[in-house]
Amino acid sequence: NAGMFLNKYDKIDWKIWPGIDLSYQLNNELRFYTTYGKAFRIPTYTELYYTSPANIGNPDLESEEVANYELGFYVNMKNILINAALFLKEGENIIDWYRSNTEEPWQVRNIAEVTTTGFEFSFEYNLNELYINTFSVGYTYLNSDKETESFDSRYFLEHLRHQAVLKVNNQLPFNMDQSWNFRFEDRINYDDYFIVDTRLAGVFDNFTASFSVSNLFDS
């Protein structure tokens, strides 16, 4: 599957952004795939022109450009779904807000290049018995070559390094079901934290009612 996006902006001129996906079905259960694509983002009005005591825009900003590569596989069996992938993102002219210290306002500029590599894995098991409908685990690892240098960054120094997620959906009496989401996150330049979300839902004759709590233990 291949395609492209053609666009023209006054400051960018004509650009072509291609994308291609290749997959190979080895058998009924296993499929390999690889993808490549380029994307862009033009600066927002705020990034270009907005000025306040806390933020200073930059009318000379260039558009961001990113190339994405991914290689992975799917395993789809009767009750099990597995996905694993390696990915690489190469960014040019990435826009970020920075400042030398907390006394200065945020200023915006293009960072020359940011390369992000990573790995993700997910496993889902559909039980449909013993009051448990589905059970899934997922893990993502990210590594970016962006360095702190001597300034604070609003965006790129706070990305996730590790994230692990456990999800459980269980059946309750009276046609009710409950879902749990347990998430561990290791974020750059921040303490690790553990978050629990839950949602309770019921289907009745003519309506559905639900109740959810995010960050149950105030992490």
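## Salt bridges

E47 forms a salt bridge with R41, with 3.2 Å between the closest N and O atoms. The term covers a side-chain nitrogen of Lys or Arg within 4 Å of a carboxyl oxygen of Asp or Glu. E47 is buried, at 6% relative accessibility. R41 is partly exposed, at 30%. The cut-offs are under 20% relative accessible area for buried, over 50% for exposed, and partly exposed in between (1.4 Å probe, protein chains only). Side chains of opposite charge can pair when their charged atoms come close.

The model is a predicted one: local features need pLDDT of at least 70, side-chain atom pairs count only at pLDDT 80 or more, and totals for chains, interfaces and linings use all residues. Residues are numbered from 1 along each chain as its sequence is written, and side-chain values use heavy atoms, with hydrogens and water left out.

## A charged network

How many salt bridges does a search of the whole structure find? The count is 6. R183, E185, R187 and D197 are linked in a network of such bridges. D197 pairs with R183, the closest N and O atoms being 3.6 Å apart. This pair links distant parts of the chain: D197 sits in strand β12 and R183 in strand β11, 14 residues apart. Strands (E, at least two residues) and helices (H or I, at least four) are DSSP runs, numbered from the N terminus.

E185 and R187 also meet through their side chains, at 3.7 Å from N to O. D197 is buried at 17% relative accessibility. E185 is buried too, with a relative accessible area of 6%. R187 is partly exposed at 24%.

Strand β11 (residues 176-187) pairs with strand β12 (residues 193-203) in the antiparallel sense, over 10 bridges. Pairing here requires at least two DSSP bridges between two strands. Q178 has L200 of β12 as its bridge partner. The hairpin of β11 and β12 has 5 residues between the strands. Within that hairpin, N189 takes a positive phi near 65°.

β12 also pairs with strand β13 (residues 208-213), again antiparallel, over 6 bridges. V203 stands opposite T208 in β13. This hairpin has 4 residues between β12 and β13.

Most residues other than glycine have a negative phi, and most peptide bonds are trans. F174 has a positive phi of about 65° and is not a glycine. F174 lies in the loop between β10 and β11. Is F174 buried or exposed? F174 counts as exposed, at 76% relative accessibility.

N175 is found in that loop between β10 and β11. Its phi is positive as well, near 60°. N175 is partly exposed, at 45% relative accessibility.

V165 belongs to strand β10 (residues 160-172). V165 is buried, with a relative accessible area of 18%. Leaving aside neighbours within four places in sequence, V165 is in contact (heavy atoms within 4.5 Å) with S136, V137, G138, N181, F182 and R183. R183 is also a member of the salt-bridge network. The C-alpha atoms of V165 and F184 are separated by 6.5 Å, with the two residues 19 apart along the chain.

N133 is placed in strand β8. At 17% relative accessibility, N133 counts as buried. Beyond four places in sequence, the contacts of N133 include Y125, N126, L127 and N128, along with N169, N170 and Q171.

## A nonpolar surface patch

L86, F119, F121, Y125, F135 and V137 make a nonpolar surface patch of about 460 Å². β7 (106-129) and β8 (132-144) are the elements that give two or more residues to this patch. β7 gives the most, with 3 residues. Patches take residues with over 30% relative accessible area and no salt bridge; like charges are joined within 9 Å, nonpolar side chains (Val, Leu, Ile, Met, Phe, Trp, Tyr) within 5 Å. Accessible areas come from the Shrake-Rupley method with a 1.4 Å probe, and for residues only the protein chains shown count as cover.

F135 lies in β8. F135 is partly exposed, with a relative accessible area of 30%.
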